[in-house]
Amino acid sequence: MSLVAIGINHKTATVDLREKVAFAPDKIHEAMRSLAQETASSEAVIVSTCNRTELYCNTQDVARVVSWLEQYHALSHDEVAPCLYEFEGQKAVQHLMRVASGLDSLVLGEPQILGQVKQAFVKAKESGTVAMTMDRLFQNTFSVAKKVRTETEIGTAAVSVAFAAVSMAKHIFSSLATTKALLIGAGETIELVARHLKENGVASMVVANRTLSRAEAMCEEFGAQAITLEQIPDFLPKADIVISSTASPLPILGKGLVEKALKQRRHQPMLLVDIAVPRDIEAEVADLDAAYLYTVDDLQSIVEQNMASRREAAEQAELIAEEQSLQFMEWVRSLESVDSIREYRTHCMDIKDELLERAMNRLGQGADAEEVMRELANRLTNRLIHAPTQALTVASRHGDLNALGQLRTALGLDKD
C-alpha cells in the first residue's frame, strides 16, 4: 500500500469550487467509510475546511480516489482535475505536516488548522477508517506541529490588524485580566478583536454600534454589553482599551470627548486603536497626556514586520516537516522489512516441512537412513539457493554491479 494525499485549497481553487467539494459535518463519517470502501483504501481521512478539502488514503490507486471525489460531489473531471494536487509517499506525509503546522495556510502560521486536522482524525477513528499507519502518521503530525510552535517563532507575531491591536494592548497593560475594553463598531474586524480579547482574558467588553441589534447579536457570543454610539460618553471614562472600526465618514471620538474622559479617569492611561478608514478618532487625541493613539497605518507596519518574521520562522519549520516526514517513511519501510522477513521465513519453513515430511515417509518405508539424510540435505539446499542463484545470474548477465554487490552482501559472500 502507499500513502497518498489529494486535494484542493485556497491557492488552487475558487471559493465556488471549494464549497462544492466541501464535506458537511453531518455527512463526514459516511463519506470516509464510502471513500475507504469504494477506493479499496485500507485507511482514509478527510480534512475539510473553508479553505481546503483533502483526502488522505492508504492505497495504490490514486486515480480511483480522484474519481470517487468527483462522483461523490457529482462534479465533472474537467471541473475538478485542473485544481487538484496529488502527493504520494514521503511528499504526502510532508504535506500533511506542513498543513497542520500552518505552513500551507492563507495566513502563514495560523493555529486554527491544527485543531481542524485533529478533529478530522477523531472523526476518521469514529468512522473506523484509521488503522496503524494513519494513526501513527497523524500522531506524529501533531507532534511536529507542536515542535514547530515551540521551536520557531511562527506563531508569536501578530499578522492581522485585529490581532496586532490586541497584542499592543498586552504590551501596554501588564495583564488584560483587570482591563475594560470599549469596542466601537460591530463588523468583522471588531468581532475578531473581541475574540482575541476574550481569549486573552480581558475583564469586560462593551460594544458600541449605530444599530443596537447588530451589537447585541455579537455580544451574545462574547458575554459583552451592547450600547449605542450615543451612549459612548457614559462608558468611555471606564475604558482602558478603546478599539474602533466603523464605516463612519466623520470621527466618532473627538479630542474634547477623550480629554474629558481622561480627567474622570484621573489620567490613568488609555489605549486607543483606530483601525477605521476614514478615521474614527481625531488625530489630535495623540497630543493628550495618558492617551496612546495608534492608527491602522501603525498596525499595518507591525503586521508587515511580523509577516517577515513569520516567513523566516517558516523556513525553520519547513526543515522540521521535511526531516520528520523522512523519519516517518523510515518507520514505514521498517514495517515493510518486517513483513518481508516474516514472509521469507514462512517460505523457508514451508520448504523445510515439505521435504522433512517426504524424508520421514521414506524412512517409514524402510529406505536407507544415510541415503534419506543425504537426499534431504541436497534437496533442501537446492530449493533454498534456487531463487538467490537466479537473481545472481540475472544481475551478472545485465552487468548490474549494484544489485550484484547487494546480493553478495545479503548472502554473506562479502563479509565486510
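Which residues of helix H8 are buried? The model is predicted; local features need pLDDT of at least 70, side-chain atom pairs count only at pLDDT 80 or more, and totals for chains, interfaces and linings use all residues. Residues are numbered from 1 along each chain as its sequence is written, and side-chain values use heavy atoms, with hydrogens and water left out.

**View 1. An open sheet of four strands.** The order is S2-S3-S1-S4, with antiparallel pairing. Strands are DSSP runs of E, at least two residues, and helices are runs of H or I, at least four residues, numbered from the N terminus. Two strands pair if DSSP finds at least two bridges between them. Strands S2 (44–48) and S4 (85–88) are the edges; each has a single partner strand, so one side of each lacks a neighbour in the sheet. Neighbouring strands are turned by 15° against each other on average, direction ignored. Axes are lines fitted to C-alpha atoms, for helices over the stretch in contact, and angles run from 0 to 180 degrees between N-to-C directions. S1 (residues 3–9) joins S4 over four antiparallel bridges. Ile-6 stands opposite Glu-86 in S4. Helix H3 (residues 62–72) packs on the sheet and touches S1, S2, S3 (52–58) and S4. Contact means heavy atoms within 4.5 Å.

**View 2. The largest nonpolar core.** Such a core is a set of buried Ala, Val, Leu, Ile, Met, Phe, Trp, Tyr and Cys residues joined through side-chain atoms within 4.5 Å. Of its 62 residues, Ile-46, Leu-55, Tyr-56, Val-117 and Phe-138 touch the most other members. Helix H13 (residues 296–364) gives the largest share, nine residues. Contacts of Tyr-56 include Val-4, His-95, Met-134 and Phe-138.

**View 3. Helix H8.** H8 (residues 161–172) has 12 residues. Its buried residues are Val-161, Ala-162, Ala-164, Ala-165, Val-166, Ser-167, Met-168 and Ala-169. Buried means under 20% relative accessible area, with a 1.4 Å probe and protein chains only.

**View 4. An open sheet of six strands.** Pairing is parallel, in the order S7-S6-S5-S8-S9-S10. S7 (225–228) and S10 (291–295) stand at the edges with a single partner strand each, so one side of each has no neighbour in the sheet. Neighbouring strands are turned by 20° against each other on average, direction ignored. S5 (residues 180–184) and S8 (residues 241–244) share four parallel bridges. Ala-181 has Ile-241 as its bridge partner in S8. Helix H9 (residues 188–199) lies across S5, S6 (204–209) and S8, at about 170° to S5.

Definitions and conventions
Buried < 20%, exposed > 50% of the residue type's maximum accessible area, 1.4 Å probe, protein only. Expected span 1.5 Å × (residues − 1). Lists of a residue's contacts leave out its neighbours within four places in sequence.
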